[in-house]
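Please look through the sequence and the structure shown here before reading on. The report that follows begins with the whole chain and then turns to single residues.

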Amino acid sequence: MSKINRDEFILVLDFGGQYKELIARAVRGLSVYSEIKPGDLSLDEIKGMNPAGIILTGGPKSVYLPGSPVCDPGLFSLGVPVLGICYGMHLMCHMLGGKVESGGAGEYGRVVVNADSPFTALMSHRDIVTRLPEGFVATARTASCIASCENAKRKLYAVQYHPESAHTEGGKEIIRRFLYGVCGVSGNYKIDDYVKSQTAEIRQKLGKNGVLLALSGGVDSSVCAGLLSKAVPNQLVCIFVDHGLMRLNEGDEIQRVFSGQKLRFIRVNAKERFLVKLKGVVEPEAKRKIIGEEFIRVFEEESARLGRIPFLAQGTIYPDIVESGGKYGSTIKSHHNVGGLPERLSFDGVIEPLSGLFKDEVRVIGKKLGLPSSLVNRQPFPGPGLAVRVMGAVTEEKLDILRKADAILREELDGVKRRPNQYFAVLTDTKSVGVKGDERTYNPVIAVRAVETDDFMTCEYARLSHKVLGRISSRITSEISGVSRVVYDITGKPPGTVEWE
Ligand code: XMP
């Protein structure tokens with residue numbers, strides 16, 4: 001991370017919590033620099049970073065079981081303010097002499113917290129603190145647990161709920177109070193000078209050497225291309241591997257945008273070989289792995305064809321690094337970012353100019369670079385593309401049906417007043433009986449997915465109007481002959497995920 005004002009630093013110690021990035025992002029959103037490090041960071045390392053405050057994340061384990069992650073107990077005596085969240089609260093209480101036990105059924109979802117003024121907060125825990133350490137007082141409760149506690153004299157604070165989640169009322173304010181009220185920061189973190197400092201750094205690192213970028217057309221790799229084309233316009237080559245799993249006309253759109261930029265853009269049409277590799281493959285993780293690997297093969301061949309280009313650029317962003325470096329989390333699904341290439345490719349160096357930034361920060365940079373808003377504000381699209389939106393084995397025919405349904409859905413929703421944050425069609429592997437004209441039909445079911453989310457790590461289904469849903473359904477069933485009916489997915493995350501596979 002380069003030349004960003006980080007003299008006020010909040011250290012987020014990770015114990016495997018699903019929401020750790022939300023914590024660091026919430027802190028940065030409040031103009032304070034933060035980074036996530038493994039929970040067992042040594043006391044010396046912590047002291048070396050000179051944090052203004054420490055936040056302990058949640059995590060899936062139980063503190064009272066052997067082998068559960070712990071922090072260096074010395075951090076509670078540094079005089080640096082500490083905020084423990086969920087598992088972080090258990091850890092703080094357990095290590096300082098309190099008691100943590102299983103709380104029976106646990107609390108999952110929005111729960112009312114009885115504080116001075118009651119509010120709802122996102123809870124996701126089974127264990128509860130049953131005895132506070134000496135010097136601590138409970139500051140709020142729910143019907144079944146201590147919701148927050150503190151030892152203000154030692155600047156130690158803990159919450160059972162997740163203030164970093166948008167589902168906690170006033171959650172941001174709780175974090176703000178910890179940062180500005182307890183840690184005493186002034187809020188000096190800005191990303192305005194990021195483009196300038198990165199441009200200088202890229203030029204210095206590359207010298208006169210060429211650099212190759214895997215461009216997927218997604219926000220991250222596009223902004224990376226924008227940044228590199230500004231810094232080293234004549235040294236950059238972008239390769240777009242079109243795996244044939246893109247949405248309707250998407251490959252052509254990407255080509256159109258980047259062919260118009262001052263950079264060398266190469267599109268590789270590799271649809272056939274991806275479909276051959278995917279033939280008959282049903283299992284979602286297997287599909288993801290095959291696509292990731294085949295992508296690398298195509299990229300390797302292409303870069304060999306171009307002769308030796310010494311540097312590789314990747315659109316890696318901070319959450320990608322945190323996810324792959326996490327020690328205690330559990331894998332929900334292996335996200336494939338088509339920019340993620342192996343080190344085995346022989347390059348003298350890899351540059352990752354966005355690796356210190358969160359997604360919304362990347363979008364801000366994209367805007368500053370003048371990229372079209374259709375690209376900068378693009379909805380997330382999974383690296384494995386439509387292969388994980390066709391349930392079961394992928395075929396050209398199924399992709400074709402899904403592309404048409406998805407295009408109709410997007411046409412209808414692109415124009416609504418409150419657009420959901422992400423929406424797409426899924427081709428299910430269920431067939432149902434229908435009637436068209438006087439004919440019986442027996443065709444697949446299309447599922448419509450539309451979600452509201454700030455962070456794409458949790459979501460709620462979008463409350464679309466019945467009028468809009470009705471229009472989507474009647475257009476899909478009448479305009480596409482191979483679809484018998486349309487259903488709307490009303491599952492949140494958790495317990496669902498955004499994508500179906
Ligand atoms: P899930 O399905 O995990 O999705 O709830 C969360 C967000 O991530 C997107 N997604 C992916 N993005 N590579 C990506 O770059 C992937 O393999 C991938 N899988 C899911 C998904 O669209 C949603 O926005």
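## Contacts along the chain

Among contacts in the protein chain between residues at least 6 apart in sequence, what percentage join residues at least 24 apart? In this predicted model, the share of such contacts that link residues at least 24 apart is 75%.

## Overall form

The protein chain contains 14 helices and 18 strands, and its C-alpha atoms fill a box of roughly 70 × 65 × 40 Å when the box is taken along the principal axes. A compact globule of 501 residues would have a radius of gyration near 23 Å, and the 25 Å of the protein chain agrees with this.

The protein chain is divided into three stretches, namely domain 1 with residues 9-182, domain 2 with residues 191-376, and domain 3 with residues 395-488. Between the C-alpha centres of domain 1 and domain 2 there is a separation of 35 Å.

## Surface and charge

Of the 501 residues in the protein chain, 55% count as buried.

## Two residues in helices

F258 is found in helix α7, which covers residues 250-259. Is F258 buried or exposed? F258 counts as buried because its relative accessibility is 1%, and the cut-off for buried is under 20%. Leaving aside neighbours within four places in sequence, F258 is in contact with L215, S222, A225, L263, F265 and L375.

H94 has its place in helix α3, made up of residues 87-95, and with a relative accessibility of 34% H94 counts as partly exposed. If neighbours within four places in sequence are again set aside, the residues in contact with H94 are V63, Y64 and V100. H94 and P81 are 13 residues apart in sequence, and the distance between them in space is 18 Å from C-alpha to C-alpha.

## Positive phi angles in loops

N50 has a positive phi of about 50° although N50 is not a glycine, and its place is in the loop between α2 (43-49) and β3 (53-56). N50 is exposed, because its relative accessible area is 57% and the cut-off for exposed is over 50%.

K155 is not a glycine either, and its phi is positive at about 60°. This residue lies in the loop between β8 (146-151) and β9 (156-159), and K155 counts as partly exposed, with a relative accessibility of 34%.

Where is P494 found? P494 is in the segment after β18 (485-488), and P495 is found in the segment after β18 as well. K493 and P494 are joined by a cis peptide bond with an omega of about -10°, while the peptide bond from P494 to P495 is also cis, with omega near 10°.

Methods:
Residues are numbered from 1 along each chain as its sequence is written. This is a predicted model: local features need pLDDT of at least 70, side-chain atom pairs count only at pLDDT 80 or more; totals for chains, interfaces and linings use all residues. Side-chain values use heavy atoms; hydrogens and water are left out. Helices (H or I, at least four residues) and strands (E, at least two) are DSSP runs, numbered from the N terminus. The radius of gyration is taken over C-alpha atoms; the globule rule is 2.2 Å times the number of residues to the power 0.38. Buried means under 20% relative accessible area, exposed over 50%, partly exposed in between (1.4 Å probe, protein chains only). Contact means heavy atoms within 4.5 Å. Domain bounds come from an automatic or database domain assignment.
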